[in-house]
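Take a moment to open the view, then follow the points below.

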Amino acid sequence: MLLWSGGRYSTWKKGEVFWPYNLLARDIPEARIITWGYNGDVGHFLSPTSANSVKDHAKSLSNDISGMRQSPAVSKRPIIFIAHSLGGIICAQSLLQASSENPDDAGKLADHTDALAFMGTPFEGSDTAKWSSFFKRLSHLLPTASVNEHLLNNLQTDSHDLKILGEDFPKWLNNRRNQWERQVHVVCFFEELPTRKWGYIVPSKSAQLVGHEAISLPDDHSGICKFDNFEDPKYKIVLNTLRKWMEEIKAASSDTLSKGTPNLQANTTMGKNYGGTQTGQDNSKNKQQHMANTFRFGSKEDDD
């Protein structure tokens, strides 16, 4: 499973609980769990902001993941993506780009993606993104301020890129759905509660994909992806969804999963600006042995 958002650590952490490791790895020990991050800030007051667009981040994601799946055994493992907010847009864009590339390279990323969990992803943009436009005005007045206009524009409700993605991504999902043995399971989680002072960051309509399951989670935009105990109602909803998918994926690809694959190499550096966490269990060894290996993968923006 791969989880990503702007902050590869803080996004999924509540208090001292980093649920991909503290909760999920124990409930689904056979999974390899990886977090991936990117610089998703639209602006900074005193430091430079990344100029990457959604397509740039999407390309980085597919390159990084495909680079980890070079061996024949690993390249065939099913992938489940869990993405929060703009991370879901990057996920969808990455799969679209990968599906049109060389099937012997990044194309495998799209071919072996079997499930997608979007959490508060603004498929139709977010009205709240308008407040971020003040960075544009500020950048003309304050020399030290910087803004990523690519990401800012992608977040708007009238975004041209979002419109194109909104047309092409459902087509890709439908093409996979028509091939029953290769269909992609999709669920869109959306926020039940407004964020204090800002309201609903991503309205439920924007967070959904027509024709796919949508489930509300009892928290605000930031809180829907943060769990601090096994009894958290939100965690139970997400966990039950993941378990159901894994059973269905196992049934559809039992040969691949029953063979097991070598564990990904730990403590591997994927470029100096990457950082991330792998947790899970090595099926080829004792099934009671949990793993908590760390390798660098993703953005280090919130490595605190």
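C91 is buried, at 1% relative accessibility, and C225 is buried too, at 0%. The structure, which is a predicted model, holds zero disulfides. The points below turn to helices, salt bridges and aromatic rings.

**Helix 9**
- Helix 9 runs over residues 233–252, and its 20 residues reach 29 Å from the first C-alpha to the last, close to the 28 Å expected at 1.5 Å a residue.
- Its buried residues are K234, Y235, V238, L239, T241, L242, W245, M246 and I249. These residues lie on the same side of helix 9, because they cover an arc of only 160° around the axis.
- Where helix 9 starts, a side-chain oxygen of D232 comes to within 2.8 Å of the backbone nitrogen of K234.

**Helix 8**
- The buried residues here are L162, L165, F169, W172, L173 and R176.

**Salt bridges**
- Side chains of opposite charge can pair when their charged atoms come close. Searching the whole structure turns up six salt bridges, and three of them are described here, starting with E30 and K250.
- In the salt bridge of E30 with K250, the closest N and O atoms are 3.2 Å apart. This pair links distant parts of the chain, 220 residues apart: E30 sits in the loop between helix 1 (19–27) and strand 4 (32–37), while K250 belongs to helix 9.
- E30 counts as partly exposed, because its relative accessibility is 23%; K250, at 29%, also counts as partly exposed.
- D114 forms a salt bridge with R176, and their closest N and O atoms are 3.7 Å apart. D114 lies in strand 7 (residues 113–119) and R176 in helix 8, so this pair ties together parts that are 62 residues apart in sequence.
- D114 is buried, with a relative accessible area of 15%, and R176 is buried, with 4%.
- K236 and E231 join their side chains in another salt bridge, at 2.8 Å from N to O. K236 is partly exposed at 36% relative accessibility, whereas E231 is exposed, with a relative accessible area of 53%.

**Aromatic rings**
- A pair of aromatic rings is described by the distance of the centres and the angle of the planes. The count of aromatic pairs in this model comes to nine.
- F118 and F123 make an edge-to-face pair, because their ring centres are 5.0 Å apart with the planes at 85°. F118 is buried, with a relative accessible area of 1%, and F123 is buried at 9% relative accessibility.
- F227 and Y235 form a tilted pair, 5.7 Å centre to centre and with 55° between the planes. Both F227 and Y235 are buried.
- F227 and Y235 also belong to one aromatic cluster, together with W12, W19 and F230.

Key: Residues are numbered from 1 along each chain as its sequence is written. This is a predicted model: local features need pLDDT of at least 70, side-chain atom pairs count only at pLDDT 80 or more; totals for chains, interfaces and linings use all residues. Side-chain values use heavy atoms; hydrogens and water are left out. Helices (H or I, at least four residues) and strands (E, at least two) are DSSP runs, numbered from the N terminus. The expected span of a helix is 1.5 Å times one less than its number of residues. Buried means under 20% relative accessible area, exposed over 50%, partly exposed in between (1.4 Å probe, protein chains only). The arc is that of the directions from the helix axis to the C-beta atoms. A polar contact is a pair of N or O atoms within 3.5 Å; within protein, one must be able to donate a hydrogen and the other to accept it, and residues adjacent in sequence count only if both atoms are side-chain atoms. A salt bridge is a side-chain nitrogen of Lys or Arg within 4 Å of a carboxyl oxygen of Asp or Glu. A disulfide is a pair of cysteine sulfur atoms within 2.5 Å. Rings of Phe, Tyr and Trp (its six-membered ring) pair if their centres lie within 6.5 Å; planes under 30 degrees apart count as stacked, over 60 as edge-to-face and the rest as tilted.
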